[in-house]
Amino acid sequence: MWLKIIIVLLLVAIVASLFGALGFLLKDANVPQSRRTWYALGIRITLAVLLMICLIYGFASGILHSQAPWDHRI
């Protein structure tokens with residue numbers, strides 16, 4: 001159960017980081033040396049990597065499993 005909560009929190013953090021980067025992009029449009037957008041996108045990439053690690057761990061350990069009809073195992 002804890003892994004699913006971590007996955008949902010990471011997804012929310014990724015979306016928040018994406019909108020934060022959009023806000024920085026719009027606010028700093030006239031500032032030539034602003035790197036806040038790049039930092040926010042770097043945080044989003046880091047969060048996405050953490051999400052992938054959690055998903056791989058969940059599927060490898062059996063905590064998560066697919067319920068797709070084509071993935072049904074007999």
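Predicted model: local features only at pLDDT ≥ 70, side-chain atom pairs only at ≥ 80, totals over all residues.
**View 1. Helix α1 and the residues it buries.** Helix α1 runs over residues 2–27, and its 26 residues reach 37 Å from the first C-alpha to the last, which is close to the 38 Å expected at 1.5 Å a residue. Along this helix, the buried residues are Leu3, Ile7, Leu10, Ile14, Ser17 and Ala21. The cover over these buried residues of α1 includes helix α2, which spans residues 36–61.

**View 2. Serine 17, a buried residue of α1.** Serine 17 belongs to helix α1, and it counts as buried because its relative accessibility is 12%, where the cut-off for a buried residue is under 20%. When its neighbours within four places in sequence are left aside, serine 17 is in contact with Ala40, Ile43, Arg44 and Leu47. With alanine 40 there is also a pairing of polar atoms, in which the backbone oxygen of alanine 40 lies 2.8 Å from a polar atom of the serine 17 side chain.

View 3. Phenylalanine 19 takes part in a nonpolar patch on the surface, formed together with Val15, Leu22, Leu25 and Leu26. Taken together, the residues of this patch have about 520 Å² of accessible area.

Definitions and conventions:
Residues numbered from 1 in each chain as written. Heavy atoms only, no water. Patch = residues over 30% accessible without salt bridge, like charges linked within 9 Å, V, L, I, M, F, W, Y side chains within 5 Å. Areas by Shrake-Rupley, 256 points an atom, 1.4 Å probe, with all protein chains shown as cover. Salt bridge = Lys/Arg side-chain N within 4 Å of Asp/Glu carboxyl O. Helix = DSSP H or I, 4+ residues; strand = E, 2+ residues; numbered from the N terminus. Expected span 1.5 Å × (residues − 1). Buried < 20%, exposed > 50% of the residue type's maximum accessible area, 1.4 Å probe, protein only. Contact = heavy atoms within 4.5 Å. Polar contact = N/O pair within 3.5 Å; in protein donor to acceptor, adjacent residues only side chain to side chain.
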